[in-house]
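Colleague: Hi! Could you walk me through this structure in plain words?
Modeller: Happy to. Let's bring it up on the screen.

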Amino acid sequence: SEGNPLFVVEALRPDAPAAASKVQAVITGRLARLSRDAAAVTGVAAAVGRAFTADVLAAAAGLDERAFVAALDELWRRGILRAHGLNAYDFSHGRIRDAAYAALGPPRRRHLHLAIARALEGGEHPAAAAIAAHYEQAGATAQAIRWYERAAEAAQWLHAHADAVRALERALSLSGQLPAGPGTAALQLRLLTALPAPLLALEGYASERMALMHTRALQLAGQLGSEPEPPLVWSLAMAALVRGEWEPARGFAGRLRARAERDDDQVLWVESDYLRGIAAYWPGRLTEARGHFEAAMERFRPERRRAHVLRYGQDPELLSGSLHRISLWVGGLMLFLAALYYFFVHRYMRR
């Protein structure tokens with residue numbers, strides 16, 4: 001058995017092939033004795049993955065209710081699948097799933113992954129990452145990219161920044177399979193514009209990957225003759241601040257303020273105030289910084305928090321409030337130190 005208990009279990013079954021000497025052969029022989037409908041459902045289950053629901057299996061298998069229930073019951077009785085609660089199932093062993101998936105030809109696999117993706121789309125709470133992966137395996141590149149974008153948004157809202165970056169980078173990689181042209185370039189620019197927000201949490205604005213992303217995004221914007229979108233400009237401003245380039249950062253913040261006024265974008269208005277506050281705070285202009293932070297907090301609305309997090313990767317109410325309090329504390333400390341200095345100098349001079 002080579003230490004594999006599955007082989008022992010399978011070999012001792014009454015219906016095991018007499019001459020089977022390998023685990024895979026035992027499992028393949030067992031699958032070959034399934035009814036046609038049960039074999040079809042097994043293939044669907046193998047394409048879904050190790051865990052799945054009966055609803056998804058039924059939608060992707062395309063059988064009528066009676067035939068599907070009979071097939072699912074057969075798989076459960078034969079120990080191919082095991083039940084978890086009322087509606088959830090998985091394979092009794094990963095090697096069984098591997099054998100069932102290996103038995104599918106490439107056209108059948110693509111067909112099943114497409115059917116599964118569509119079945120998952122119709123669920124009450126679509127799992128964007130799983131849908132994207134199935135569309136990718138089905139060769140439906142455009143749909144896969146769209147769902148990877150949705151997966152990145154869902155991950156970023158949950159602060160799963162690494163997952164968001166992986167989803168966006170996978171979408172960006174897949175975009176290379178699309179026909180070259182302005183439409184594909186615009187899609188790639190959109191993905192590059194969305195990347196800085198989750199990438200900031202992982203690597204910061206001084207990372208080499210962030211710099212490469214900025215360069216590529218600006219090149220695409222130049223090729224398209226389009227104005228960089230606010231999240232990209234915001235990211236460029238923060239990168240400049242990290243490098244201590246105050247004037248360029250203030251220039252980017254000014255561009256965002258002009259865009260906010262032009263489009264009456266309240267989210268962008270708050271973000272531009274926050275940036276202007278940071279650009280004043282770090283060089284030590286605390287009074288000016290407090291004014292910008294106060295303006296950001298005054299304009300912020302809780303119902304727009306999701307837009308801030310998804311587009312800019314931060315909660316400006318929390319950050320502006322914190323920096324506003326720090327600037328007040330530092331300003332008060334400086335006044336105290338100045339008064340203390342004046343007291344000692346004045347006293348020393350009188351002596």
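This is a predicted model: local features need pLDDT of at least 70, side-chain atom pairs count only at pLDDT 80 or more; totals for chains, interfaces and linings use all residues.

Colleague: OK, and which residues of α5 are buried?
Modeller: The buried ones are A67, F68, A71, L72, E74 and L75. They cover an arc of only 155° around the axis, which puts them on the same side of α5.

Colleague: Why do residues three or four places apart point the same way?
Modeller: An α-helix has 3.6 residues a turn, so residues with that spacing point the same way.

Colleague: Let's zoom out. How many helices and strands does the chain have?
Modeller: There are 19 helices and 3 strands. Of the chain's 351 residues, 44% count as buried. Also, take the contacts between residues at least 6 apart in sequence: 56% of them join residues at least 24 apart.

Colleague: Now α13. Which of its residues are buried?
Modeller: M210, M213, H214, A217, L220 and A221 are buried in α13. Their arc around the axis is only 135°, which puts them on the same side of α13. The face turned away from that buried side carries the exposed residues E208, L212, G222 and Q223.

Colleague: What covers the buried residues there?
Modeller: For α13, the cover includes α11, α12 and α14.

Colleague: How many residues does α13 have, and what comes just after it?
Modeller: α13 has 17 residues and reaches 25 Å from its first C-alpha to its last, close to the 24 Å expected at 1.5 Å a residue. Just after α13 comes G225, with a positive phi of about 65°.

Colleague: How many residues of α14 are buried?
Modeller: In α14, 12 of the 13 residues are buried, so this helix is largely enclosed by the rest of the structure. Among the buried ones are P230, P231, W234 and M238.

Colleague: So what covers them?
Modeller: The cover for α14 includes α11, α12 (196–203), α13 (208–224), α15, α16 (266–281) and α18. End to end, α14 reaches 18 Å between its first and last C-alpha, close to the 18 Å expected. It is followed by G244, whose phi is positive, near 80°.

Colleague: Switching topic: what volume does the largest pocket have?
Modeller: The largest pocket has a volume of about 440 Å³. It is lined by 18 residues, and E149, E153, R190, T193 and A194 are the closest to its centre. The elements that give two or more residues to this lining are α9 (141–157), α11 (182–194), α14 (230–242) and α18 (305–312).

Colleague: How does that lining split by class?
Modeller: The lining of the largest pocket has 9 nonpolar, 3 polar and 6 charged residues.

Colleague: And the second largest pocket, what lines that?
Modeller: The second largest pocket has a volume of about 200 Å³. Its lining has 15 residues, of which T53, V56, A119, L120 and G123 lie nearest its centre. α4 (54–61), α7 (106–121) and α8 (128–137) each supply at least two residues of the lining. By class, the lining divides into 9 nonpolar, 5 polar and 1 charged.

Terms used: Residues are numbered from 1 along each chain as its sequence is written. Side-chain values use heavy atoms; hydrogens and water are left out. On a 1 Å grid over the protein atoms alone, a cavity is a set of points where a 1.4 Å probe fits but cannot get out, and a pocket is an open set with protein on both sides within 12 Å along at least five of seven lines; lining residues have an atom within 4 Å of a point. Grid points are joined across faces, edges and corners, and a volume is the space filled by probe spheres set on the points. Helices (H or I, at least four residues) and strands (E, at least two) are DSSP runs, numbered from the N terminus. Ala, Val, Leu, Ile, Met, Phe, Trp, Tyr, Cys and Pro count as nonpolar, Asp, Glu, Lys and Arg as charged, and the others, Gly among them, as polar. Buried means under 20% relative accessible area, exposed over 50%, partly exposed in between (1.4 Å probe, protein chains only). The arc is that of the directions from the helix axis to the C-beta atoms. Contact means heavy atoms within 4.5 Å. The expected span of a helix is 1.5 Å times one less than its number of residues.
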